[in-house]
Amino acid sequence: MRPVKVNGRSIVVARLADGSYRTVANTCPHEAARMSDGKVERMWHGDEVGEHRRNGWCVIVSPWHNFEFDLDTEKSACEPERMRLKTYRVVLDGEVAVYV
Ligand code: FES
């Protein structure tokens, strides 16, 4: 993961194991930890909590209290309807481009 600033916004660019990229806000909606100090994990059935469950989904884990956010839906794994982490669209054209 790499923190970047785009148009004054603090964003994290995460490269997944399949070579795709995801970009999310660098501030955790819980208590404002820097998400770039966390980690990205792939979740499996035995790991999953909450209502939205898929096998092999990727989450970014906040470094302070381990809240997990789905990198495709923005939703928190444990409170999907209440807590979200803003995601941004990524377009690849030889290098990573982030649109906010
Ligand atoms: S600050 Fe992210 S889970 Fe608490």
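Me: How many disulfides does the count come to?

Reply: The count comes to 0 disulfides, where a disulfide is a pair of cysteine sulfur atoms within 2.5 Å. This is a predicted model, in which local features need pLDDT of at least 70 and side-chain atom pairs count only at pLDDT 80 or more, while totals for chains, interfaces and linings use all residues. Residues are numbered from 1 along each chain as its sequence is written, and side-chain values use heavy atoms, with hydrogens and water left out.

Me: How far from cysteine 78 is the nearest cysteine sulfur?

Reply: The nearest cysteine sulfur to cysteine 78 is that of cysteine 28, 9.8 Å away, and cysteine 78 is in no disulfide.

Me: And cysteine 28, buried or exposed?

Reply: Cysteine 28 is buried at a relative accessible area of 5%, where buried means under 20% relative accessible area, exposed over 50% and partly exposed in between, with a 1.4 Å probe and protein chains only. Cysteine 78, by contrast, is partly exposed at 41%.

Me: Switching to secondary structure: how many helices and strands are there in the chain?

Reply: The chain has 0 helices and 8 strands, both taken as DSSP runs numbered from the N terminus (helices are H or I with at least four residues, strands are E with at least two).

Me: Which strands form the open sheet, and in what order?

Reply: The order is β4-β5-β6, with antiparallel pairing throughout this open sheet of 3 strands; two strands pair if DSSP finds at least two bridges between them. The edge strands, each pairing on one side only, are β4 (39–42) and β6 (68–70).

Me: How many bridges are there between β4 and β5?

Reply: β4 and β5 are paired by 4 bridges in the antiparallel sense, and valine 40 has isoleucine 60 in β5 as its bridge partner. Strand β5 (residues 58–61) is also joined to β6 by 3 bridges, again antiparallel, and here isoleucine 60 is partnered with phenylalanine 69, while valine 61 is partnered with glutamate 68.

Me: Which residues of β5 are buried on its two faces?

Reply: Cys58 and Ile60 are buried on one side and Val59 and Val61 on the other, so both faces of β5 are covered. Across the chain of 100 residues, buried residues make up 39%.

Me: New topic: how many salt bridges does the count come to?

Reply: The count comes to 5 salt bridges, each being a side-chain nitrogen of Lys or Arg within 4 Å of a carboxyl oxygen of Asp or Glu. Among them is the pair of arginine 34 and aspartate 37, at 3.4 Å from N to O, and arginine 34 is partly exposed at 45% relative accessible area.

Me: Which residue does glutamate 41 meet in a salt bridge?

Reply: Glutamate 41 meets lysine 39, with 3.2 Å from N to O; glutamate 41 is partly exposed at 28%, and lysine 39 is partly exposed at 43%. Another of the salt bridges joins lysine 75 and glutamate 81 at 3.5 Å, where glutamate 81 counts as exposed at 65% relative accessibility.
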